[in-house]
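Please keep the sequence and the three-dimensional view at hand while reading.

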Amino acid sequence: MRKQQFVAAAAAAIVAMVGLGAAPVAAQAQEEGAYMVPHTSWGDPDFQGSWENRSPTPLERPVEFGTREFLTEEEAAARAANRVGLPDGEEGIIADDLVAADVQRVERSNSIDPDRPGQRISGAEYNAFWNAPVSPRLASRRTSQIVDPPDGRLPPYTRAILDQWDTRETARAHRGEADSWLDRNVMERCILRTGLAMGEMNVPKDIYQTPGQIVFDLQYGVVRIVPLDGRPRLGSDITQWWGDSHGRWEDDTLVIETTNFNNLQNGGPVMPSHGGIYGHNHAHYHMGTGEHLTITERLRRTGPDTIEYAYTINDPSVYVRPWTAVNIWHLDPNEPDVYEYTCHEHNYGMVGLLKGGRANEQIAMDEAAREINDRAPQIAAEWAETEAWEAAQGR
């Protein structure tokens, strides 16, 4: 049954979380015909329902495309043909493949030097069930989700944030993987879930609306309640993990701006052992300052079962310029229920990590060093990009 309204009493009980601010984005040229956006009984554009945003389009554009924004029809057909996975609803028939994948993973792990047990875990933390290959829909011929900068890639980091990163890596050098809970990233500690914006959270999204507010239930314990009534923002001295979001309508486009993030987004004075630069693997949080971060989102319905979602990240302490990305959300006709998310680390994971760090200090140190070595080329590449940008600017 179509979800129409969120229970007001329940909505009022949940703390408001995220929002964003942005400029209009040039959408992919396409004939939208005379599609009429549906409206609620009180007159707002109707976004209610269950949505998902899986996409084969990468966040950053492969360098070989340069500034070319769209694939040709032939390239798009080839991308569609090469997608790994099965259509929605057919996941059950790959159960045998998942079992076989797990057998191979265990065999590979057991073949590694037994004196380095941590190496046996790396890359084998989850069984194949969590990576079941369900094909994303090819909804766009974009070569990247990032549309600004024109090269479709994340802009360089500032020298200040890379200096901070180096300092945190130095502090990491003489610590094990779990000297304290501070050695684990904020997601493992069940504080903050991956993703600065809803487009980066590849999970089902239930949208509910009432007069004066819109609610996004994003799973992973993230529920955003965005007021649309023009109420004043929080004072600058009040900050939150997901910031302070406020929305408004520009014709049929919903614009959400979020400010007032706390300054804990980058995890603390020590680089967590299991973590990485944003845009690389294990990037479980924003690496920036928080207090200077503004996110702007723009959502508009482009068809009976699609929403175009654009977001702009502006953190001048982290990036040399803002950047904007676009992805497409699809309405799920089955409207699956979004169940309560419980972070398992509160139950046993964190206790196990801390006990493991005490059980064999040398292994803990070895694994922390391996993580540092994995990050080193990433950090070096980011420094090279920043220095090249500075040279181009005559700095």
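In which element of the protein chain is confidence lowest, and in which is it highest? This is a predicted model, and the lowest mean pLDDT, 36, belongs to helix H1 (residues 8-12), whereas the highest, 97, belongs to strand E6 (residues 244-250).

**Confidence**

- The protein chain has a mean pLDDT of 78, and 71% of its residues reach 70 or more.
- Over residues 1-32 the pLDDT is below 50, although the model gives this stretch 101 contacts beyond near neighbours in sequence.
- A further stretch, residues 85-93, also stays under 50 in pLDDT and has 13 contacts beyond four places in sequence.
- Where pLDDT is low, the predicted coordinates should not be read in detail.

**Helix H7**

- Helix H7 covers residues 361-392. At 1.5 Å a residue, its 32 residues should span 46 Å, and this agrees with the 46 Å between its end C-alpha atoms.
- At the start of H7, the backbone nitrogen of Gln362 lies within 3.2 Å of a side-chain oxygen of Asn360.
- H7 has a kink of about 30 degrees at Arg375, shortly before the proline Pro377.
- After H7 comes Gly394, which has a positive phi, near 75 degrees.

**Val147 in strand E2**

- Val147 lies in strand E2 (residues 146-148). Its relative accessibility is 17%, so Val147 counts as buried, the limit being under 20%.
- Val147 and Val326 are 179 residues apart in sequence, yet their C-alpha atoms are 6.9 Å apart in space.

**Salt bridges**

- Side chains of opposite charge can pair when their charged atoms come close.
- The whole structure contains 20 salt bridges.
- One of them joins Glu169 and Arg375, with N and O 2.5 Å apart. This pair links distant parts of the chain, 206 residues apart: Glu169 is in helix H5 (residues 159-172) and Arg375 in helix H7. Both Glu169 and Arg375 are buried.
- Glu297 and Arg224 form another salt bridge, with their closest N and O atoms 2.8 Å apart. Glu297 lies in strand E8 (residues 294-303) and Arg224 in strand E5 (residues 223-227), so this pair ties together parts 73 residues apart in sequence. Glu297 is buried at 0% relative accessible area, and Arg224 is buried at 1%.
- Asp229 and Arg231 also form a salt bridge, at 2.9 Å between the closest N and O atoms. Asp229 is partly exposed at 46%, and Arg231 is partly exposed at 43%.
- A network of salt bridges links Arg233, Asp244, Arg248, Glu250, Glu257 and Arg298.

How values were computed
Residues are numbered from 1 along each chain as its sequence is written. This is a predicted model: local features need pLDDT of at least 70, side-chain atom pairs count only at pLDDT 80 or more; totals for chains, interfaces and linings use all residues. Side-chain values use heavy atoms; hydrogens and water are left out. pLDDT is the predictor's confidence in each residue, from 0 to 100. Helices (H or I, at least four residues) and strands (E, at least two) are DSSP runs, numbered from the N terminus. Contact means heavy atoms within 4.5 Å. The expected span of a helix is 1.5 Å times one less than its number of residues. The bend at a residue is the angle between axes fitted to the seven residues ending there and the seven starting there. A polar contact is a pair of N or O atoms within 3.5 Å; within protein, one must be able to donate a hydrogen and the other to accept it, and residues adjacent in sequence count only if both atoms are side-chain atoms. Buried means under 20% relative accessible area, exposed over 50%, partly exposed in between (1.4 Å probe, protein chains only). A salt bridge is a side-chain nitrogen of Lys or Arg within 4 Å of a carboxyl oxygen of Asp or Glu.
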